[in-house]
Each structure stands twice: as C-alpha cells, then as structure tokens.
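Work through the exercises below with the model open beside you. Each task is followed by its solution in steps.

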Amino acid sequence: MTVELMRCPDDDLSLGTLLRGWRERALLTQEQLAQRADLNVRTVRRLENRGLQQPRTTSILLLAEALGLDGEERAVLAAAARGPSAERGDPVAVPRQLPAGAAVFVGREHERTALEDTATVAAIDGMAGVGKTALAVHAAHRLAPRFPDGQLFVNLHGHTRGMTPVDPGDALARVLRAFDVPGERIPEHVDDRAALYRGVVADRRVLIVLDDAADEDQVRPLLPAGRGCRLIVTSRRRLIGLDGTRTLSLDVLPAREAVALFTRTAGPEQVMDAPAGVLVEIVERCGRLPLAVRIAAVRLRARPAWSVGHLLARLTDDRPAELTAGRHSVTAALDLSYQRLSEDQRRVYRLLGSIVGAEFGVDEAAAVQGTTVVRASRLLDQLLDVHLLQEPAPGRFRFHALVRDHVRALPHGTWGEVAGPF
Ligand SMILES: Nc1ncnc2c1ncn2[C@@H]1O[C@H](COP(=O)(O)OP(=O)(O)OP(=O)(O)O)[C@@H](O)[C@H]1O
Ligand SMILES: [Mg+2]
C-alpha cells in the first residue's frame, strides 16, 4: 500500500485514504479496527471520512499498533495526521534546498537503484571529480516526491579551497533554521542541537543530502533517528565508521558512458565527423574521470576551430594543463585531497608516485619507503581510504593516471624531505 502510494506522489495522501487502505489490507471492518485499537467506532469513521481534522496523537498511535504498521508507514501516518502545517498555525517550514541537477546525466544505473532502495543512510565515496555530488543530487531529485516535508542540501566543505570543513554544530544550526526554528531556540551545545534536530525531523519525511563530508565525526550529529527520513552523504573518504550505512564506492565511468558524457557536453556539431576511436582515446586520456571528461568537452565546445584530433594531441602533450577550464581543474581538485593528508601520508604519496612502477605490491612500497611491511601497509590503507590510491587486485596497488600526473607535478622542493627513514 505505502509503496504504491509513494510511487504516485500526486495521489491523495490524506489521513482518511491512508487509514482506509491499511484497514482493508488488514481485512478489518471499521468496527473490528475500533475494537482492536480500543477506540470508539465513530472516531474511526470520522477519521476515514475526513470529519476529524485534528486527531489526538494517542488515537493515531493506537491505530498504528492495531493496523500493524511498520516504521515507515507510521511516519507517513504521523505526517498525514498533522495535516498541512498552515492549518495548524505551526511555523515549521518545508525547505527545498536541492541544487539543480547536472544538465547531462549519464549512467550510474546500479548506483541509482541502490540509492532508491536504501532504507535510511547511504554514503557515496570516490576520488575527486568522480561524480559523487552529481549522483547524489540526481538521485535526490528523483526521491524528492517521497519526502514531502522537505529536502535539505548541506555542503560540509570537506574539500573547498580556502575553507575548513564545516563544524557540525554550525551545520545543525543551519538545518534548524531551515525548519524555521528561531535563533534563540537553538541551543549552545552541539549535542543539544543534535537532539533538537532529531526531534524536529522525528515524524517528518525529510530527505537530507550532506555533500563533501570530511569524515564520520562531521556527519554523526546529523544522523536522523526517525525512519521516515533519508540521508545521502558524499565524501572523498570511505565512511566505514557510520553504523547502519550503505556504502557506495564510485569508480570512473565505463568507456561508452564517458564518450556519451563527452559528446553530449561538447555538442553534436563538434563531434559529428569524429572517428569513434578518437573519442574513446580522448576519454581514456581523461582516465574516464567525469570531471576531466567534462573539462575536455567544455574546452572543445569553446574552440570551434579545434578538431577532436587536435584536442587529443593537446591531451597527449600536456594533460594537466589541458584539463583546466576556468575555476575547474583536475590538478586543483586533487591538490585539495593532498592538502588533507598528514605529513607521513604526503611523504609516502610522493615516494610511491615518483619511484615505483605502474603497479606495485606492499613489499616494493616498504622498500622505497625504507620501512617495515606493516607500517607501509598501514599508510597504503590510508591512501586507499581517501581514494588517492587504487587496489586493482588484492595486494596490488596503482595510481589513477591523473593522480600519477598530480604527484609527478608536485614541486621539487618537497623531494628533500623524503630521504630520511620513518
Ligand atoms: N554521471 C554523470 N553524468 C553527467 N555528468 C557527470 C556525471 N558524474 C559527474 N558528472 C560531472 O562531472 C563533474 C564532476 O562531478 P562531481 O562534482 O559530482 O564530482 P565529485 O565526485 O562530487 O567531486 P569532489 O570530490 O570534488 O566533490 C561535474 O561537472 C558533474 O556534473
Ligand atoms: Mg562533490
């Protein structure tokens, strides 16, 4: 019943319709339901016929129990029982904060389905520019009709130039204000803010997108308690420490989808006569990273005189320079990940990127670092967690081609520090 209703957001989700549907599903007459819930049968009738505008909370709880509703259904029932907030003179706002989705969205079928099926919290991780935000926003727009009490979008600025990650207390204050909680009612302490936040969203159906989280600690206070809410988090770091979370690690795009993103962004007239092989070569030079593919396509669109062959030659010649357009640049995006590393991690990143071959094992990693396998392995794990390193097969490691470009372009002055043992 609920599933059907949720697929049809325009359907009548009034209290009466819901109650009647659930009562019929339970094969109960109005009299039987009244008896089970220990309510007067007139109350049940008036609720189903919309004659009772403001039912008591206890009546609603008793009915939910008698109908055997699950958590999600209870949240739907509670929202319907509250009715439109204006009718109650309640100042609670309905925030609609989702940014516009990408004009062209390709692929990610599996991830989109997974996000739609996830019960409460989903965390999307992956390297810089792989498409975490694009996917979260795209999925959120599709999910929005199921969350009529609001859609929140909070940029946690885990990786923004010139900004430190947002303090969770500040993020909570912003969210509370979005629900019209007056400033003077927002408590001082982060725990009290989190408790108030959980109370505000408890029996509401709210979708929350937390974009670019630095780590689990930044996200934890913003986890809703109610089952009627859905949270989508994006992060360059694997958020393994969040309980009850479904994790989706995004990889670069398959060649066919990367070519589709390239051609649709560049515009058909720019690629009309291009041999398919050249387009595949271009997206491969971009490491099939959506950010890089988009930048390359935008550059081609801006230069009508260029052929795709010319673009490919430029990408072969000086890839990092070519993958920069205005304020968008692959190097700048990766720099932000690099800046978040500890000194030890930076050192091992530079060593591995410059000395070891294309693919390597933990023994080679330990040798070039002049350290033990245990210690080398721990640092490799840390680089894997922030997606600066890949593990194509168990115990085998490599850098994404664009990450390798990045590490090789780091200023030479930094090489001096790597000599000492650690
Ligand atoms: N599936 C996709 N379809 C179309 N465009 C995409 C897709 N994925 C990503 N893009 C585009 O690629 C660029 C980078 O994507 P996005 O900003 O989502 O990456 P990100 O993983 O969030 O990066 P960061 O770690 O820097 O936040 C954006 O311009 C985005 O619109
Ligand atoms: Mg992002």
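A polar contact is a pair of N or O atoms within 3.5 Å; within protein, one must be able to donate a hydrogen and the other to accept it, and residues adjacent in sequence count only if both atoms are side-chain atoms. This is a predicted model: local features need pLDDT of at least 70, side-chain atom pairs count only at pLDDT 80 or more, and totals for chains, interfaces and linings use all residues. Residues are numbered from 1 along each chain as its sequence is written, chains are lettered from A and ligands numbered from 1 in the order in which they are written, and side-chain values use heavy atoms, with hydrogens and water left out.

**Exercise 1. The ligand site**

Find which backbone atoms make polar contacts with ligand 1, and describe the shell around ligand 1.

Step 1. Start with oxygen. A polar backbone atom of Gly129 lies 3.0 Å from an oxygen atom of ligand 1. For Val130, the distance from a polar backbone atom to a ligand oxygen is 3.3 Å.

Step 2. Turn to nitrogen. A nitrogen atom of ligand 1 is 3.4 Å from a backbone N or O atom of Val104. Taken alone, ligand 1 exposes 630 Å², and the protein buries 83% of that (Shrake-Rupley accessible areas, 1.4 Å probe; for residues, only the protein chains shown count as cover).

Step 3. List the neighbours. The shell holds 18 residues, with Val104, Val106, Lys132, Ala134 and Arg236 the closest (a residue is near if one of its heavy atoms lies within 4 Å). Helices α8 (132-143) and α15 (290-302) each supply at least two shell residues (helices are DSSP runs of H or I, at least four residues; strands are runs of E, at least two; both are numbered from the N terminus).

**Exercise 2. Salt bridges**

How many salt bridges does the model have?

Step 1. Apply the rule: a side-chain nitrogen of Lys or Arg within 4 Å of a carboxyl oxygen of Asp or Glu. The count is 15. Side chains of opposite charge can pair when their charged atoms come close.

Step 2. Take Arg20. Arg20 is partly exposed at 32% relative accessible area, whereas Glu48 is buried at 4% (buried is under 20%, exposed over 50%, partly exposed in between; 1.4 Å probe, protein chains only). A network of salt bridges links Arg20, Arg23 and Glu48.

Step 3. Take Arg238. Arg238 sits in the loop between β4 (230-235) and β5 (245-249), and Asp385 in helix α21 (residues 373-385), 147 residues apart. Both are partly exposed: Arg238 at 27%, Asp385 at 25%.

Step 4. Take Arg220. Arg220 is partly exposed at 37%, while Asp217 is exposed at 51%.

**Exercise 3. Positive phi**

Locate Asp212 and Arg288, and give the phi of each.

Step 1. Recall the background. Most residues other than glycine have a negative phi.

Step 2. Check Asp212. Its phi is positive, near 60°. Asp212 lies in strand β3 (residues 207-213) and is buried at 13%.

Step 3. Check Arg288. Its phi is positive too, about 55°. Arg288 lies in the loop between α14 (276-285) and α15 and is partly exposed at 25%.
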